[in-house]
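Subject: Structure handover: aromatic rings

Hi,

As promised, I am passing the structure on to you. Have a look at it first, and then read on for some notes on its aromatic rings.

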Amino acid sequence: MAAEGGGKETNEIKTQFTTREGVYKLLTHSEYSRPNRVPFNSQGSNPVKVSFVNVNDQSGNGDRICFNVGRELYFYIYKGVRKAADLSKPIDKRIYKGTQPTCHDFNPLTATADSVSLLVGFSAGQVQLIDPIKKETSKLFNEERLIDKSRVTCVRWVPGSESLFLVAHSSGSMYLYNVENTCGTTPPNYQLLKQGENYAVHTCKSKSARNPLLRWTVGEGALNEFAFSPDGKFLACASQDGFLRVFGFDAAELHGTMKSYFGGLLCVCWSPDGQYIVAGGEDDLVTVWSFSDCRVIARGHGHKSWVSVVAFDHCTTSVEDSDLPAEFSGSDEEYHEQTNFGVGRDRANSAQSRLSKRNSTDGRPVSVTYRFGSVGQDTQMCLWDLTEDILFPHLPLSRTRTHTNVMSATSSPSAGTVTAATTTAAAASSGTNGSNTGSTSGNNSGNTTNSLPATLPRSNSLPHSNPQGGTTPNSHPSSNSSTTTATPTPTPTTTTPASKGGSIIDSTFIATGVSKFATLSLHDSRKDRHEKDHKRNHSMGHINSKSSDKLNQLSSSRTAKADAAKTLGTTLCPRMEEVPLLEPLVCKKIAHERLTVLIFLEDCLVTACQEGFVCTWARPGKVGLLSSQSHTATPPRGTVV
């Protein structure tokens, strides 16, 4: 296991960790917090959140950071690995009375050195639009709480739009706003626009333009977080009922769903190319879901309590030609286990083009490794690698020969690694990359008695206990609510005439495109590992029962148990032995209080804990960078709202 240590070491706070790309170091001089640096008493308060924006400042210090601590909101120049943080000079500081900020988001399209648009959500349901550079409060939405009285859980600008933003509440509703519209003086009247399995979309009936433009009602219980796909066309929602629901945003059509192993889902994120979604929550797991196949492809077990945040590292995710020797992927503890392969990387110009090449029959196969991270209420940060044997289990791997016509394993002479045939002969003979649409059944538990070797090649994963206990579920390349929902009898999607024929909102969404990947290619080849039982329900002691947020979340446990009984063992929620179980490359305790932030930047990664400390971890080789020019900040000024 990457998580090492026992006894006294378990309480030791780590200040650095090592992966094969090098050493990540905590920069103590780049810690951001309240100016007095006193740990915040976090009992009963909302999670600390962090937002970044780049204003293209000519001085080279273009990054700005915003974070909330209790009733306070801070806005600083973020100097990252270049210079020490100067906490005595916030650009803006606001202290709120009667309510607390819960989340915030910058609009990158409108950000300049003289003005930024920052949305802030609050515990009483309001949303504020402020400009911390000009120190202006331009608008307050849901001021009278006529739209929704519950806590704002997530707020995001719609990708490619300067005026549209989406707000989620603990009531389970989302609202689409336009900054140019008012909210009115009376409660909005709604008209059904579209309805499907456990979701509905309503439009606001009004003679004049007013907010909200749309109301989404999703699942049961709080809607804890949502995330737009990199191209802005799809929306992933993580709900307290334990369901991940992915919608086509323009048409409000359900693309697919997934169910947590138990408990609510608290966080969600997309891979940089939009092919995979990772969700985390109260089952202490990270779950990887394939967007194209609409199925769970892996779970990760490393946390000892609820997972607060998941995020992909676009800088360490890699694409390489698979016929070249693979590099070791993992932490320094496992390096001695690696066979000495040569290093051969091919720098990719575009991840999307290489991924399309990976799935083509005439092109040379391309090997893909995704790096993502997670932080949790156990104060631990985990890093994970998602490798090709998990992503493409039906295709032969480089250096590995897989006999797919019989349930057996074959060792490759060139590398000595062993792979397991994880599909039936019928599934493998289709020749697809895991997108079988009818060749495998959902239950082949009695088809074989063959045991598997205790390792998966080049992957940070534990072996399948019984791969035939439920073979890889059929994929669902197109939207089909009947195969991606838990109820036996699906409810057909109901569409009003106003929503037929495309987008449900009168705006075009600009695809943000897929960012180019760096090519720190990391692959793992480990020694045989014994199968490990995945023990659940042992982490409730780590949960702070005094938190009002958690008490509210636990109130729906009866419904969650009923849903779990219906979905466990289905395509919505495979059993633990039916999908690969990932091990973390790195699992380190890095804080004294629960972690609430994980953000990957180009030269560092940023974490934050509930004590109000925002920490910067320099990537390998990025320590000691000097800023080209000093920057003078605006004198501190507090605003009491």
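This is a predicted model: local features need pLDDT of at least 70, side-chain atom pairs count only at pLDDT 80 or more; totals for chains, interfaces and linings use all residues.

Now for the pairs. The count of aromatic pairs comes to 25. One of them joins phenylalanine 17 and tryptophan 617 in a tilted arrangement, with 5.6 Å from centre to centre and 45° between the planes. Phenylalanine 17 belongs to strand E1 (residues 16-19) and tryptophan 617 to strand E37 (residues 614-618), so this pair ties together parts that lie 600 residues apart in sequence. Buried means under 20% relative accessible area. Phenylalanine 17 has 2%, so it is buried; tryptophan 617 has 0% and therefore counts as buried.

Tyrosine 32 is in strand E2 (residues 22-32), while tyrosine 78 is in the loop between strand E5 (72-77) and strand E6 (92-95); the pair links distant parts of the chain, 46 residues apart. Tyrosine 32 is buried at 0% relative accessible area, and tyrosine 78 counts as buried at 2%.

Finally, take a look at two charges over rings. The charged end of arginine 215 sits over the ring of tyrosine 190, 4.2 Å from the ring's centre. Lysine 259 lies over the face of phenylalanine 243, 5.9 Å from the ring centre.

Enjoy exploring!

Best wishes

Terms used. Residues are numbered from 1 along each chain as its sequence is written. Side-chain values use heavy atoms; hydrogens and water are left out. Rings of Phe, Tyr and Trp (its six-membered ring) pair if their centres lie within 6.5 Å; planes under 30 degrees apart count as stacked, over 60 as edge-to-face and the rest as tilted. Helices (H or I, at least four residues) and strands (E, at least two) are DSSP runs, numbered from the N terminus. Buried means under 20% relative accessible area, exposed over 50%, partly exposed in between (1.4 Å probe, protein chains only). A charge sits over a ring if NZ of Lys or CZ of Arg is within 6 Å of the ring centre and within 35 degrees of the ring normal.
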